[in-house]
Amino acid sequence: GRFVAITHGKKVQTWFSPGHVKTFSSFTLHYTFPGQYDDAVSIDWSSDSRFLVVTSKDMTASVYPVWRGEGFSKATLTGHRATVIGGYFRKDSLTIYTVGQDCAVYVWEPD
């Protein structure tokens with residue numbers, strides 16, 4: 001892919017990946033997304049690599065556009081009553097499945 005997504009604590013960042021060309025500074029920061037209220041737990045990419053879903057100990061999942069010009073800003077998915085341990089995009093879709101530490105599974109359909 002073109003990007004690598006990382007999280008540390010409450011921060012989520014995307015970095016341009018170096019590809020097959022060797023350069024002195026191989027990774028370049030693309031964007032630091034607004035943080036969660038507690039530590040991030042997982043990251044998943046949409047199948048078209050346009051969006052990220054990030055889950056958190058703050059009992060939410062956040063959906064971010066990789067490019068800020070997508071006409072879409074951060075969306076926060078709320079409703080879990082425990083840490084959200086995983087968020088997954090359905091293949092070839094923007095439908096998201098989230099799984100809570102309490103074994104609750106939510107399905108989020110785009111409007």
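The model is predicted: local features need pLDDT of at least 70 and side-chain atom pairs pLDDT 80 or more, whereas totals for chains, interfaces and linings use all residues. Residues are numbered from 1 along each chain, and side-chain values use heavy atoms, without hydrogens and water.

Threonine 60 lies in the loop between strand 5 and strand 6 (61-65); strands are DSSP runs of E, at least two residues, numbered from the N terminus. Threonine 60 counts as buried because its relative accessibility is 11%, the cut-off being under 20% with a 1.4 Å probe, protein chains only.

| Residue | Contacts |
|---|---|
| Threonine 60 | Gln36, Val54, Thr55, Thr76, Leu77, Thr78, Val84 |
| Tyrosine 31 | Val12, Gln13, Thr14, Arg68 |

Tyr31 belongs to the largest nonpolar core, of 10 residues, including Phe3, Phe33 and Val54; such a core joins buried Ala, Val, Leu, Ile, Met, Phe, Trp, Tyr and Cys residues through side-chain atoms within 4.5 Å. Apart from it lies another core, of eight residues, among them Ile96 and Trp108.

Ile96, in strand 9, stands opposite Phe89. Strand 8 and strand 9 (96-100) are antiparallel and joined by five bridges, where pairing requires at least two. They belong to an open antiparallel sheet of order 8-9-10, with strand 8 (84-89) and strand 10 (105-108) at its edges.

Methods
Helix = DSSP H or I, 4+ residues; strand = E, 2+ residues; numbered from the N terminus. Buried < 20%, exposed > 50% of the residue type's maximum accessible area, 1.4 Å probe, protein only. Contact = heavy atoms within 4.5 Å. Lists of a residue's contacts leave out its neighbours within four places in sequence.
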